[in-house]
Amino acid sequence: MSHRPECRRLCRLLSETLHPFSDIASDSVTEEIEKDLLIALSQVFREVKQWIHQLDSDEELLAEPTNDSQCLVATNSNSNDHPCLANITGDLMRLLALNSRYSQHLAGNILVAVSEFLLTLDSGWDDFMHLLCVSLEIAICNSLRYLEVRYLDYDSSTPESLLKTKLKSANWSVVAAIFRVLRNIQKYLKQECDDKTMAPYLDSVSSLMLNLPWDVLRDIYFGHSTEALKGNDDLRKAEQREITMFFGNLVQFLSSSFEHSIVLEDRVGYSPFICRIIKLVTELTTLCHIELQSPEHVRISHYFRHKVLMLMVKLCSNINIEKTMPVTFIHLIHNHFEDLLSQPICGVKFDRAGFMEGSPFCTSISDPEKQTMLHSHLQRLAIFLFLKCSLSFASMKKESPDEEQITHNSENCSTSTGFTELHEWLKVRFRAAILANDEPYFERCVRFSLSFLQLFMHEDDILFEMLLQLFHVPFYPDRQIIKNESLAKVENNLVFLASDLFNPVHLFHLFLSEILYDHQVLLDYLISKDTGSSCAEYLLRSLRIICNSWSLFVEFPGSEQGLGQLCPKRTSFMAAKDCLISLRTSINSLNKKNLFPYNPQVLLRRLARFEELCILAMN
């Protein structure tokens, strides 16, 4: 198959526009040269975007006559139907190596625009993606030149050989820039294309991930000890910044790529790409504990922890989760995130003004309040992952004994492996959260549950995922919590402590109390794009338990303004009743006007059943 004339036109545009800058060294970009280069790159970007618009509008693109020898790379490879794409890719890759962040940014944007152009043209996109991934592999290996690493040996007649020449001055900054290009292409595919187009993209990325020298990369990150850097502090610091930037982009790229690749899984087995990510998790967790001195590197370390924890959460959320993964992740959490797991559960009163919006990393690390927000965010992620892994493993082992088995065989139950991690963690956290030694056991449970809930209230996406996860804790509605029950007796029981602290009826009461029984807040959660489905599921499951354990719901004393002071149970019940009945009225009104974003009939039926029980309780 011959290349399309539109591709030749694209190649000619870049060749003619960028030719005056073909001999610029990466470290010799003056202000005047940079200004001219930025003008030229902006012209190319606008032209390519205009072509895309014409193709989208079904306007015919007239190919200008051109001498193929100006833009084609001779090749004996039959796998590349668009050899001129190597010239296009190579010229833009060379610009990524220039010491000009604005030129680098524009060159990256043009690469993304070329991807969109080829997709719209329906010609050459697979070849282009292959060349991008090859460029990344070459850039990484060229960045390892100080270690005399030679991984790639291409035939001189291939497009890959041309890329190797163009990227001979590549460094870690170039590697990070290519990762950003791949992520931006991925974002475009997610928004504009179907799974059929995403599949070849992930195939190219998967091949790249399998070919990279991971052992060497890990040594580079931990060592920073190349011979060329010894005795040169400025060069060493610059190299450290570039390598840190590379790994930041790598973790970010792996996390987003996994999210897309898991959707395309055939649910029969893992793809090689996902298998590689699973194996990399162990090494990625070690990135979180590099001793970095500058404030910038401290923030990067926090960012690594956030991304690695998020990646582990996504892996554990997969329905095809391996049985050994929760155990492995629990060990990783203890080894690398124990400081987060061992922090006190210090929730504060929920305040919409203090709600975390956007990324917690886009803040000043010198601001104590922002630092607290960041640490709380990481603590939430670590606790959520820990509980998810502990409960997932228990669920796999089917280790949820009934109440009679626990009561009569408490000693054997305490040796169970499924809940052991959760139980031991709760014992330490529960004792640390007790402020008054003479406080009855029931009040202690309510105090801890409230603090735990308050910790998650400021991130509603994690909040509902956590509340849904806690439904996996065994619930014994017939168990009567004795107010003066011996703490030692409960602590020695593997399941009762978790069941008392995460009682779903109590948590639901406390949740309503935290939002001040405002049904509008619940309505906002339900219609939100981010929390709608998880909030609806939480309400459905909670209402089912409440309707089946009605006396427990009615008799819960509640807490006054979240301060741990128990208030009359009638007040708590009446406030909850008014909130949920008002919610039903609002949902029903919106639904009749076709303004509710999804079908709420199941939820409305549950709320109607709740209202019926309230009427009976009032009579």
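The crossing of helix 20 and helix 25 is left-handed. Helix 20 spans residues 460–469, and its axis lies 9 Å from that of helix 25. The two helices pack at an angle of about 35°. On the helix 20 side, the contact involves Phe 464, Glu 465, Leu 467 and Leu 468. Their partners in helix 25 are Ser 534, Cys 535, Glu 537, Tyr 538 and Arg 541.

The model is predicted. Its average pLDDT is 77, and 70% of the residues score at least 70.

The secondary structure consists of 28 helices and 0 strands. The protein has 619 residues, and 55% of them are buried. Among contacts with a separation of 6 or more, 77% join residues 24 or more positions apart.

Helix 25 also packs against helix 28. Helix 25 covers residues 532–548, and helix 28 covers residues 601–618. Their axes are 10 Å apart, at an angle of about 30°. That angle is under the 35 degree limit, so helix 25 and helix 28 are roughly parallel to each other. Helix 25 passes helix 28 in a left-handed crossing. Helix 25 contributes Leu 539, Leu 540, Arg 541, Leu 543, Arg 544, Ile 546 and Cys 547 to the contact. Helix 28 contributes Val 602, Leu 603, Arg 606, Leu 607, Arg 609, Phe 610 and Leu 613.

Helix 1 makes the contact through Glu 6, Cys 7 and Leu 10. Helix 4 uses Val 114, Phe 117, Leu 118 and Leu 121.

Glu 116 also lies in helix 4. Its relative accessibility is 11%, so Glu 116 counts as buried. Leaving aside neighbours within four places in sequence, Glu 116 is in contact with Lys 49, Ile 52 and Tyr 188.

In soluble globular proteins, nonpolar side chains tend to be buried together. Here, the largest nonpolar core has 186 residues. The residues with the most contacts inside this core are Tyr 201, Met 209, Ile 383, Trp 425, Phe 452, Phe 511 and Leu 522. Helix 15 (residues 368–396) gives the most to this core, with 12 residues. Ile 383 touches Leu 341, Ile 345, Trp 425, Phe 452, Leu 455, Phe 456 and Met 466, when residues up to four places away in sequence are not counted. Two of these partners, Trp 425 and Phe 452, are themselves listed with the most contacts inside the core.

His 509 is placed in helix 23, which runs over residues 504–514. With 1% relative accessibility, His 509 counts as buried. Not counting residues up to four places away in sequence, His 509 touches Tyr 517, Phe 553, Phe 556, Ser 572, Phe 573 and Ala 576. The C-alpha atoms of His 509 and Ala 575 are separated by 9.6 Å. Along the chain, these two residues are 66 residues apart.

Tyr 517, one of the contacts of His 509, is found in the loop between helix 23 and helix 24 (519–527). Its phi is near 55°, a positive value in a residue other than glycine. Tyr 517 has 21% relative accessibility and therefore counts as partly exposed.

Asn 594 likewise has a positive phi, of about 60°, although it is not a glycine. Asn 594 is placed in the loop between helix 27 (569–592) and helix 28. At 69% relative accessibility, Asn 594 counts as exposed.

Key:
Residues are numbered from 1 along each chain as its sequence is written. This is a predicted model: local features need pLDDT of at least 70, side-chain atom pairs count only at pLDDT 80 or more; totals for chains, interfaces and linings use all residues. Side-chain values use heavy atoms; hydrogens and water are left out. pLDDT is the predictor's confidence in each residue, from 0 to 100. A nonpolar core is a set of buried Ala, Val, Leu, Ile, Met, Phe, Trp, Tyr and Cys residues joined through side-chain atoms within 4.5 Å. Buried means under 20% relative accessible area, exposed over 50%, partly exposed in between (1.4 Å probe, protein chains only). Helices (H or I, at least four residues) and strands (E, at least two) are DSSP runs, numbered from the N terminus. Contact means heavy atoms within 4.5 Å. Axes are lines fitted to C-alpha atoms, for helices over the stretch in contact, and angles run from 0 to 180 degrees between N-to-C directions. Angles under 35 degrees count as roughly parallel, over 145 as roughly antiparallel, 65 to 115 as roughly perpendicular and the rest as oblique. A crossing is left-handed if the near helix is turned anticlockwise from the far one by less than a right angle, and right-handed if clockwise.
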